[in-house]
Amino acid sequence: MMSTIVIDLDHLLADPIFDPDRCSIGFHPLHTIWAAIAYGLLLAIQSWKLRAICAGCLWHLCTDAFDCLIGWVWA
Ligand SMILES: [Zn+2]
């Protein structure tokens, strides 16, 4: 989905851009629990475009969180 590219821009703001030892959840401004809550609230708005973006962002947070869990397990 194209919409997940929006939240990936958040990764580009980070330095370094990709660090396998770092958990991006809670590190990037769009990856905090508050951002997740905002996406959830925006899902209630009757707009399929907005819903697609929010669903994509939430899914992105899920995959990032999964990466974190994998990292902790293997650490
Ligand atoms: Zn991410």
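1. From the N terminus on, the elements of the protein chain run α-α-α. The count is three helices and zero strands, where helices (H or I, at least four residues) and strands (E, at least two) are DSSP runs numbered from the N terminus.

2. The model is predicted: local features need pLDDT of at least 70, side-chain atom pairs count only at pLDDT 80 or more, and totals for chains, interfaces and linings use all residues. Residues are numbered from 1 along each chain as its sequence is written.

3. On confidence, the protein chain averages a pLDDT (the predictor's confidence in each residue, from 0 to 100) of 79, and 76% of the residues score at least 70. Confidence is lowest in helix H1 (residues 4-12), with a mean of 67, and highest in helix H2 (residues 33-42), with 92.

4. Of the 75 residues in the protein chain, 15% are buried. A residue is buried if 20 or more other C-beta atoms lie within 10 Å of its own, exposed if 12 or fewer, and partly exposed in between, with C-beta atoms placed from the backbone.

5. Which residues form the largest nonpolar core? They are Tyr39, Ile53, Cys54, Cys57 and Leu61. Helix H3 (residues 48-74) supplies the largest share of this core, four residues. A nonpolar core is a set of buried Ala, Val, Leu, Ile, Met, Phe, Trp, Tyr and Cys residues joined through C-beta atoms within 7 Å. In soluble globular proteins, nonpolar side chains tend to be buried together.

6. Ala36, Tyr39 and Leu42 in H2 meet Leu50, Cys54, Cys57, Leu58 and Leu61 in H3. The residues of this contact are eight nonpolar, no polar and no charged. Here Ala, Val, Leu, Ile, Met, Phe, Trp, Tyr, Cys and Pro count as nonpolar, Asp, Glu, Lys and Arg as charged, and the others, Gly among them, as polar.

7. The axes of H2 and H3 come within 9 Å and cross at roughly 150 degrees. Axes are lines fitted to C-alpha atoms, for helices over the stretch in contact, and angles run from 0 to 180 degrees between N-to-C directions.

8. Leaving aside neighbours within four places in sequence, Leu61 is in contact (C-beta atoms, placed from the backbone, within 7 Å) with Ile25, His31 and Ala36.

9. The C-alpha atoms of Ile37 and Leu58 are separated by 9.4 Å, and the two lie 21 residues apart along the chain.

Key:
Contact = placed C-beta atoms within 7 Å.
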